[in-house]
Amino acid sequence: MRVIHLSGTLEAVGQTGKKTSSLRIKMYRPARGPSSSRILNPYVVCFIVVAGVAILAVAIALLVYFLAFDEKSYFYRSSFQILNVEYNNKLNSPATQEYRTLSGRIEALITKTFKESNLRNQFIRAHVIKLRQSDGGVMADIVMKFRFTRNNYGATMKNRIESILHQMLNNSGNLEINLPSEVTCNFDRATDAFFSSECGARPDLLTLSEERVTGSSRAQVGDWPWQVSLQVHGAHHCGGVLISKAWVLTAAHCFKSNSNPHQWAATFGIYTVSPLLRIGVRRIIIHDSYRPATHENDIAVVELENSVTFDKNIRRVCLPEAAQNILPGSPAFVTGWGALEYGGTTVIDLRQGQVRIISNNMCNAPSGYDGAILSGMLCAGGPQGGVDACQGDSGGPLVQEDSRRLWFLVGIVSWGDRCGEPDKPGVYTRVTAYRDWIAQKTGV
């Protein structure tokens, strides 16, 4: 904002007679010539009129565009009761195959119904945000995304969506569905709470861009909301992963020189120097069988002094089942504040890199780690090197996205030979191998 100060001087001139008792003040005003305000230049008038009409036309055009052509995303929430599926504990976690299968069937059914309707061009996708127990079956809480112009938003569109959903009763395959009486427009607090509590859900769960990171690059706010910086005396030391409101998963070797919890803190956000949140550490639990010489059992959990409140930028990652298969060649992402090259210094802004899972057999080749990769370890990188974790990334997450766009923690940055060297990929603690240990220590 610019402030312009105007200053000037007002001077009064008077004349006082020495022998008179009266004071005469003479006021001067400029002589009046032909007033320019009385006769306006016709060109000026024309310009003013044309400018006014143009401004009005632009305003009307913008209004018409936003009402008639500009499309916006709208969200609708509903709950469906599945009558012929019995609820069990396997449906309590999105990590289970049972949860994925049933959620996928429901989402596919909704998608098919709308793609065959007159809203096929407006429907974007559906997502099951929770499966819960209900009388006589399973209740599925669902969010649906549409995109249409503003003038189409309202009760009429809501009624059309409800009408199309009821068509699923005649096209639900082998799922017996009890549809709701109404659909809730846009997000409300309950929907926000569902999204915040769901593990592995990024803020853009329903609006993910098709663009994917192919190399190391800066992360944006909210991209990896489970990322933690573990700091000593205010300085970043290791990465970590939020797995619940009170627990952070990390590497055991992070505490080789300092395991005093009172000197540690966990921060959240993409910057280490200006975090969104800072919380002290209550205790540190290192795996009893951690072997620094071989990097075996390089895992630890950190309990926070206070529980975090989940929001769009701070939330937990999904933990895999112990039996979950991590396929060689599948893509994964590693994130952290580590050095950009071997021997370098850590950075203050979170970085992300896409790597590929490498089988332990290939990683143990003579040209690679020659048998040093144990069953509780996982390799990820590329045959030509390049993108890799480095110093300062230790304890951070290696995650994969499932078919429903939820993110699962498959590895914890552990060790490696330098950074980004050919045939020397990053080595991670294999999370599936320690799933029972994590549950025993944290209850997660």
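Where does Phe310 lie? Phe310 sits in the loop between strand S12 (300-304) and strand S13 (331-336). Helices and strands here are DSSP runs numbered from the N terminus, with at least four residues (H or I) for a helix and at least two (E) for a strand. The model is predicted: local features need pLDDT of at least 70, side-chain atom pairs count only at pLDDT 80 or more, and totals for chains, interfaces and linings use all residues. Residues are numbered from 1 along each chain as its sequence is written, and side-chain values use heavy atoms, with hydrogens and water left out.

Phe310 has a relative accessible area of 13%, so Phe310 is buried. Buried means under 20% relative accessible area, exposed means over 50%, and partly exposed covers values in between (1.4 Å probe, protein chains only). Phe310 and Pro225 are 85 residues apart in sequence. In space, their C-alpha atoms are 9.3 Å apart.

Rolling a probe the size of a water molecule over the atoms shows where empty space is left. On a 1 Å grid over the protein atoms alone, a cavity is a set of points where a 1.4 Å probe fits but cannot get out. A pocket is an open set with protein on both sides within 12 Å along at least five of seven lines, and lining residues have an atom within 4 Å of a point. Grid points are joined across faces, edges and corners, and a volume is the space filled by probe spheres set on the points. The count is one cavity of 30 Å³ or more. The largest cavity holds about 80 Å³ of space. Its lining has 13 residues, and Trp224, Pro225, Gly269, Ile270 and Asn313 lie nearest the centre. Seven of the lining residues are nonpolar, five are polar and one is charged. In this scheme Ala, Val, Leu, Ile, Met, Phe, Trp, Tyr, Cys and Pro count as nonpolar, Asp, Glu, Lys and Arg as charged, and the others, Gly among them, as polar.

The largest pocket has a volume of about 450 Å³. It is lined by 24 residues. Nearest its centre lie Asn92, Ser93, Pro94, Cys199 and Arg316. Strand S2 (123-134) and helix H4 (189-197) each supply at least two residues of this lining. The largest share, three residues, comes from S2. By class, the pocket lining has 13 nonpolar, five polar and six charged residues.

Side chains of opposite charge can pair when their charged atoms come close. A salt bridge is a side-chain nitrogen of Lys or Arg within 4 Å of a carboxyl oxygen of Asp or Glu. The model has 13 salt bridges. One of them joins Glu107 and Arg404, with the closest N and O atoms 2.7 Å apart. This pair links distant parts of the chain, 297 residues apart: Glu107 is in helix H2 (residues 97-115), and Arg404 is in the loop between strand S16 (397-401) and S17. Both residues, Glu107 and Arg404, are buried.

Asp141 and Arg132 also meet in a salt bridge, at 2.6 Å from N to O. Asp141 is buried because its relative accessible area is 0%. Arg132, at 30% relative accessibility, counts as partly exposed. In a further salt bridge, Arg282 and Glu303 have their closest N and O atoms 4.0 Å apart. Here too the pair links distant parts of the chain: Arg282 in strand S11 (residues 277-286) and Glu303 in strand S12, 21 residues apart. Arg282 is partly exposed at 45% relative accessibility, whereas Glu303 is buried at 15%. Arg218, Asp349 and Arg351 are linked in a network of salt bridges.

Backbone angles come next. Most residues other than glycine have a negative phi. Arg418 has a positive phi of about 55°, although it is not a glycine. Asp423 also has a positive phi, near 65°. Arg418 is found in the loop between strand S17 (407-415) and strand S18 (426-430), and Asp423 is in the loop between S17 and S18. Arg418 counts as partly exposed at 44% relative accessibility. Asp423 is partly exposed, with a relative accessible area of 39%.
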